[in-house]
Amino acid sequence: MASTADQFSWQEPRNSMVRGAFVVVEGVDRAGKTTQVQRLCSKLYALGHNIKTIRFPDRVSTIGQMIGSYLQNETNMDDHVVHLLFSANRWEKAKWIEETLAKGYTIICDRYYYSGMVYSAAKNNPALSLEWAKQPDIGLPKPDVVIFLDLEPWQAEQRGGYGEEKYEKRELQQRVRELYLQLLNAPGGGMKVINAGDSMDAVEERIWNEVLPWVEMVEGGTYGAKVGKFEG
Ligand code: NYM
Ligand code: MG
C-alpha cells in the first residue's frame with residue numbers, strides 16, 4: 001500500500017508535464033525584444049502555462065554589474081574579458097534554468113549566447129573570432145526554439161533611445177545583423193527570423209504562431225524530453 005505522500009505526489013505539478021520549454025528571443029538593439037517577450041509571457045500565462053522570464057545580461061549579480069558599467073561606458077575592458085563576463089553571467093544562471101524547466105516552467109529568455117557570439121565577433125578584433133567567441137558557452141542549456149527579431153539598422157535608428165549604450169552604432173549594428181544571419185544559415189542554425197519592422201501586433205502574432213507549437217510539444221512530452229546542451 002502506497003503512503004499518503006506517494007499517492008498524492010503526482011499532483012505536483014498538476015498537469016502531466018514532462019518539463020517546460022526553453023524559448024529564446026534574440027535580435028538587434030531596438031528590435032522590440034523586451035515588449036514582445038512581455039506580450040508572449042502574458043499570453044502563455046493566460047492560457048495556463050507556468051512561465052518564468054529571464055534576460056541577459058542579468059545586470060543584478062556582481063558580474064552583471066561589471067557588464068552594466070561597461071555597457072554604460074563607465075568602465076573599459078579588454079574585448080575578451082567582457083566577452084567572458086557575458087558568458088559567466090549565463091553560467092551563473094545555468095543551474096536555475098535547468099531546475100526551473102524541470103519543475104515544469106516554460107522560460108522565455110531575452111537574449112542568450114547568440115548575442116554573446118555576434119556582438120563580440122562584430123568588433124572585428126582579429127584575436128576574437130566567432131569561433132573563439134562560441135567556446136565559453138559550450139555546455140550551456142540549449143533552447144528549444146529561438147526567435148530572431150530582424151530589423152535593419154536604419155529602422156532601428158528611428159526608434160527612441162538609440163545610441164545611449166555601447167554597441168549602438170550603425171556600423172557595429174550592421175555587422176551584428178550580418179553575423180546573426182550567418183548563424184541562422186549555418187547547418188542546424190534553427191533560428192526563426194521574424195521581420196521586426198512590422199507593427200507590434202503583427203510581430204506578436206508571428207512570434208505566437210512560431211512559439212506555441214514548440215511550447216505545447218515540449219510540455220506535452222512529444223519533443224525534447226531532456227534539455228539539450230550547446231555543442232558549438
Ligand atoms: N550583449 C548582450 C553582448 O554584447 N553580449 C551578450 O552576451 C549579451 C547577452 O549587451 N547591446 C549586448 C547586446 C546589447 C547589450 O542588452 C545589452 P539589452 O538587451 O540591450 O539590454
Ligand atoms: Mg539595448
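In this predicted model, Ile147 is part of strand 5, the stretch that covers residues 145–150. Is Ile147 buried or exposed? With a relative accessibility of 0%, Ile147 counts as buried, because the cut-off for that label is anything under 20%. As for where Ile147 stands relative to Lys93, 54 residues separate the two along the sequence. In space, the C-alpha atoms of Ile147 and Lys93 are 20 Å apart.

Next comes Arg19, which is found in the loop that runs between helix 1 (4–9) and strand 1 (22–27). Arg19 has a relative accessible area of 3%, so it falls under the 20% limit and is buried too. What does the side chain of Arg19 meet there? One partner is Asp144: the two side chains are joined by a polar contact of 2.9 Å. Another is the backbone of Gly224, whose oxygen lies 2.7 Å from a polar atom in the Arg19 side chain.

Now for the ligand. Ligand 1 sits in the second largest pocket. Which elements give two or more residues to the shell around ligand 1? These are helix 4 (79–102) and helix 5 (113–121). Helix 5 contributes the most, with three residues. The shell holds 13 residues, and those that come nearest to ligand 1 are Asp29, Arg90, Arg111, Gly116 and Tyr119. Sorted by class, six residues of the shell are nonpolar, two are polar and five are charged.

Arg111, already listed among the nearest residues, has a polar side-chain atom 2.7 Å from an oxygen atom of ligand 1. For Arg59, an N or O atom of the side chain is 3.1 Å from a ligand oxygen. How much of ligand 1 does the protein bury? Taken alone, ligand 1 exposes 480 Å², and the protein buries 94% of that area.

Notes. Residues are numbered from 1 along each chain as its sequence is written. Chains are lettered from A and ligands numbered from 1 in the order in which they are written. This is a predicted model: local features need pLDDT of at least 70, side-chain atom pairs count only at pLDDT 80 or more; totals for chains, interfaces and linings use all residues. Side-chain values use heavy atoms; hydrogens and water are left out. A residue is near a molecule or strand if one of its heavy atoms lies within 4 Å of it. A polar contact is a pair of N or O atoms within 3.5 Å; within protein, one must be able to donate a hydrogen and the other to accept it, and residues adjacent in sequence count only if both atoms are side-chain atoms. Accessible areas come from the Shrake-Rupley method with a 1.4 Å probe; for residues, only the protein chains shown count as cover. On a 1 Å grid over the protein atoms alone, a cavity is a set of points where a 1.4 Å probe fits but cannot get out, and a pocket is an open set with protein on both sides within 12 Å along at least five of seven lines; lining residues have an atom within 4 Å of a point. A molecule sits in a cavity or pocket if more than half of its atoms lie within 2 Å of its grid points. Helices (H or I, at least four residues) and strands (E, at least two) are DSSP runs, numbered from the N terminus. Ala, Val, Leu, Ile, Met, Phe, Trp, Tyr, Cys and Pro count as nonpolar, Asp, Glu, Lys and Arg as charged, and the others, Gly among them, as polar. Buried means under 20% relative accessible area, exposed over 50%, partly exposed in between (1.4 Å probe, protein chains only).
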